Amino acid sequence: MRRVLVYLLPLAIFLVVAVFLLRGLWLNPREVPSPFIDKPAPMFSLAQLAQPDAKFSPADMKGQVWLLNVWASWCVACRQEHPLLVELARQKAVPIVGLNYKDKPDAAKAWLAKFGDPYDLSVKDLDGRIGIDYGVYGVPETFVIDKNGVIRFKQIGPITEDVWKQKMLPMLEQLRKA
Amino acid sequence: MRRTLAVLLLAMLPLAATTAATEPMLLDPVAQRRLVDLSAQLRCLVCQNQSIAESNAELAVDLRNQINEQIKAGRTDGEIVDFMVTRYGDFVLYRPPFKATTLLLWVGPITLLLLAVFTFYRTLTRRRARIEDRPLNDAERAEAERLLGQGSNNKTSS
């Protein structure tokens, strides 16, 4: 009996390692847990893309549940995400504020004119400073911010149909009730 | 063959170019040293296997500038690292802090080593215990004497 156990031990070790490695295949190393969840959204005051004279600050959204979507006209994955955002805007599903990250305002405006503008407004983060304050490293990124200005969820990379239906929509509904 | 070699050499080109970065230099060499040291400790989140010092991703350049500015503003190394951690999490640190979530990371290898040493020790002591301690019987004694006698014979003859 003991003998058998000794011979089975390598197999057992192999299986444990295999399970971990197998799990690793489906982990996305780009999805770094955000330290911002359940923390207040960093404050900023930036000029708007459409009206450079007007400013926007997250404080303006107090009392609403909203999305802060980081985008840029140079960002390929943003284009992939864009139709979904346009659809959400059409349904008036949630207010979306765009953080136009390290972009040229003219290019950004042309991009919105071409593909549609789902944003209630976009602000210009020309040098990417506010992006750094929000820990942005892979555009597009989307933050769900609650009525008290607390970040509740962060999507790194495009919002997919799945993520929207499974995670974000239920969360938005719950946050609106709160 | 030549083509493969050329492709290989081309592929290695970035290795030679890692430190060439275009950004404002700090005039003070001590501050420059701090900038390099700090950015070498921080992971670039765009190309995750490079530090901010090595990476030429735009974000890495921005973050180096950020460190540069903060050094000029008189912040301490600890404050600058904290600045990065509050934004990007412990993941940016190549030397992660010791806490509940990183316990396995820090304690895991040493635990495995201790376990291996312990197993090795136990195997050895058990093997020793299996060596029987009983007097030789006559046949064994004769055999031993024959062997030993041979040995001593060899010695005297040489």
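This is a predicted model: local features need pLDDT of at least 70, side-chain atom pairs count only at pLDDT 80 or more; totals for chains, interfaces and linings use all residues.

Q: What makes strand 3 and strand 6 of chain A a pair, and in which sense do they pair?
A: The criterion is at least two bridges, and strand 3 has 5 with strand 6 (residues 141–145), in the antiparallel sense. Within this pairing, A:Trp66 stands opposite A:Ile145.

Q: Why is strand 3 of chain A described as largely enclosed by the rest of the structure?
A: A residue is buried if 20 or more other C-beta atoms lie within 10 Å of its own, and 6 of the 6 residues of strand 3 (residues 66–71) are buried, so the strand is largely enclosed. A:Trp66, A:Leu68 and A:Val70 point one way and A:Leu67, A:Asn69 and A:Trp71 the other, all of them buried.

Q: Which elements of chain A make a right-handed β-α-β unit?
A: Strand 3, helix 2 (residues 76–90) and strand 4 of chain A make the unit. Right-handed here refers to a clockwise path over the helix, with the strands pointing away from the viewer.

Q: How does the radius of gyration of chain A stand against that of a compact globule?
A: For 178 residues, a compact globule would have a value near 16 Å, whereas chain A has 21 Å; the C-alpha trace spans about 80 × 35 × 30 Å along its principal axes.

How values were computed:
Residues are numbered from 1 along each chain as its sequence is written. Chains are lettered from A and ligands numbered from 1 in the order in which they are written. A residue is buried if 20 or more other C-beta atoms lie within 10 Å of its own, exposed if 12 or fewer, and partly exposed in between; C-beta atoms are placed from the backbone. Helices (H or I, at least four residues) and strands (E, at least two) are DSSP runs, numbered from the N terminus. The radius of gyration is taken over C-alpha atoms; the globule rule is 2.2 Å times the number of residues to the power 0.38.
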